[in-house]
Amino acid sequence: MWKKNEARPYTPLAPTQPTSVSQPERSRSGLATIGPSITIKGELTGQEDLEVQGKVEGSITLKKHRVLVSESGRVNADIHAKSIRVGGEVKGNLLGEDEVIILHTGRVEGDIKASRVTLEDGSKFKGAIDMEPKGDQKESSASAEASTTKKAQSPENGRLTDTSLRHGSSSPA
Amino acid sequence: MELSSPWTSDQFWRESSARDDGGYHSFALPGLLQRLGEDRKSRILDLGPAHGATVEFFSQYSCKLYVADLYRSLMAHLAEPGGDRLPAPPEEAEDEAQAAAERARVFNELLPYDDDTRFDLILAWDLLNYLEPEQIGVLGRRLASFSYGGTRLFAMVAMHREIPARPCAFRIRDAETLDYEALTQRTRPAPRHTEPTLRRLLSGFDVASTCVLRNGLQEYVFAFR
């Protein structure tokens, strides 16, 4: 059901990872990909980064890892992850420990909570975004893990800097 | 009131949409923002489409930003089977009470917030230019249900004869400046709602301040009483 794709480097998300050693431990088992013809219904958890090219209904919980919903991805589920990027369609709430980025091809209906929320020009969003002033972000994080893990949270960390995502070019909003 | 405005020119829209700095000074915005985040988390309802710059701007406040993207949602509804009942004017409706109930149901679905939700600030941008009077009335009643004495509603009404065929994309550049961008080169007649009309349609809201800008937009700040 899950297609490992270790041969293909997962470069699109790499630039958003702070290089600090204090960041939460990252998966070393590569990237899990739900291919475009795959549909999953249920509760999805794991210990590695995930790319959704197919359909997911239920919930996705990868608190220490990154989730990318590619342009072809259709997710009808709440997502809780360290970092969430949406280039496809999501109907559900997004809880990002670090950040949530809706790419220019992305469409989201649901509520967002994250330290950093970025909406690229062209993205579609309907819902609510819970915000705290930037100076209060660490203190106000809802995540116990986030509060116990010293994060390298410089202004550049978490900002979308790569412009070569596989599903299309992107530009920071 | 007839203004000689670049908004009447289709060419203006082409030019303005291509400009990088097509912003203007808003007289209402500073006062509206001053009310936010003083002692508690503010709730802001943006009736327009989501825009990254606006999200980024509000990230400096302790707030919850609700994005309704109302016009697009409304158009999507109208495209659905049966959705064309919404704009029916009273004289064409078989049963006006039924039509009114249907309009109310649609706006309830498009603005599906908890009954106890109260917004501090509602950003309507230029949406009112694109709604029929009966739709504004229904919208006003829906917004009133989420308002309290401190709620402010910010809207812009075009004073000229033509406007872009659909709402512009507005975004907050800074505490005094708004950027806008026409999303289409097509135009349509502007309804040019008057202040008495808006006061009548937006029941529960009073005009707290209004200002006609050089670009032909009239800014309104409505206060819920």
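**Entry 1: a sheet in chain B**

In what order do the strands of the open sheet of 3 strands in chain B run? Before answering, I noted that I am working from a predicted model. The order I found is β1-β8-β7, and the pairing is antiparallel. I then looked for the edges, and they are β1 (23-25) and β7 (169-174) of chain B, each of which pairs on one side only. Going from one strand to the next, the twist averages 30°.

For a landmark I picked Tyr24(B), whose bridge partner in β8(B) is Leu178(B).

**Entry 2: two helices in chain B**

Next I turned to a pair of helices. Two packed helices are described by the angle between their axes and the distance between the axes, so I looked up both values. Helix α5 (residues 96-110) and helix α6 (residues 133-144) of chain B pack at an angle of about 55°, and their axes are 9 Å apart. Why do I call α5(B) oblique to α6(B)? Angles under 35 degrees count as roughly parallel and 65 to 115 as roughly perpendicular, so the angle of about 55° makes α5(B) oblique to α6(B). The crossing of α5(B) past α6(B) is right-handed.

Which residues meet there? From α5(B) I listed Arg103(B), Ala104(B), Phe107(B) and Asn108(B). Facing them in α6(B) are Glu134(B), Gln135(B), Val138(B), Leu139(B) and Arg142(B). By kind, this contact divides into 4 nonpolar, 2 polar and 3 charged residues.

**Entry 3: chain B as a whole**

I stepped back for the totals. Chain B has 7 helices and 11 strands. It has 225 residues, and 40% of them are buried. I also looked at how far along the chain its contacts reach: among those between residues at least 6 apart in sequence, 69% join residues at least 24 apart.

**Entry 4: chain A as a whole**

Of the 173 residues in chain A, 42% count as buried. Among contacts in chain A between residues at least 6 apart in sequence, 26% join residues at least 24 apart.

**Entry 5: strands around β5(A)**

I used β5(A) as my way into the strand pairing of chain A. Strand β3 (residues 39-45) of chain A pairs with strand β5 (residues 55-69) in the parallel sense, over 7 bridges. Here Thr45(A) stands opposite Thr61(A) of β5(A).

Strand β4 (residues 49-52) of chain A also runs parallel to β5(A), with 3 bridges joining them. In that pair, Glu51(A) has Leu68(A) as its bridge partner.

Finally, β5(A) pairs with strand β6 (residues 74-86) of chain A, again in the parallel sense, over 12 bridges. I marked Val67(A), which has Ile84(A) as its bridge partner in β6(A).

**Entry 6: a glycine in a loop**

I stopped at Gly30(A), which lies in the loop between β1 (3-4) and β2 (31-34) of chain A. Why does Gly30(A) count as partly exposed? A residue needs 20 or more neighbours to be buried and 12 or fewer to be exposed, and Gly30(A) has 15 C-beta neighbours inside 10 Å. I also took one distance: Gly30(A) and Gln47(A) are 17 residues apart in sequence and 9.8 Å apart in space, C-alpha to C-alpha.

**Entry 7: where the chains meet**

Last, the interface. How many residues of each chain are in contact? I have 17 from chain A and 18 from chain B. On the side of chain A that touches chain B, β10 (112-119) and β11 (124-131) each supply at least two residues. The most comes from β11(A), with 7 residues. That side of chain A divides into 8 nonpolar, 3 polar and 6 charged residues.

My landmark here is Asp130(A), whose bridge partner in β3(B) is Lys64(B).

Technical notes. Residues numbered from 1 in each chain as written. Chains lettered and ligands numbered in written order. Predicted model: local features only at pLDDT ≥ 70, side-chain atom pairs only at ≥ 80, totals over all residues. Contact = placed C-beta atoms within 7 Å. Helix = DSSP H or I, 4+ residues; strand = E, 2+ residues; numbered from the N terminus. Nonpolar A, V, L, I, M, F, W, Y, C, P; charged D, E, K, R; others polar. Pairing = 2+ DSSP bridges. Axes fitted to C-alpha atoms, helices over the stretch in contact; angles between N-to-C directions. Parallel < 35°, antiparallel > 145°, perpendicular 65-115°, else oblique. Left-handed = near helix turned anticlockwise from the far one by under 90°.
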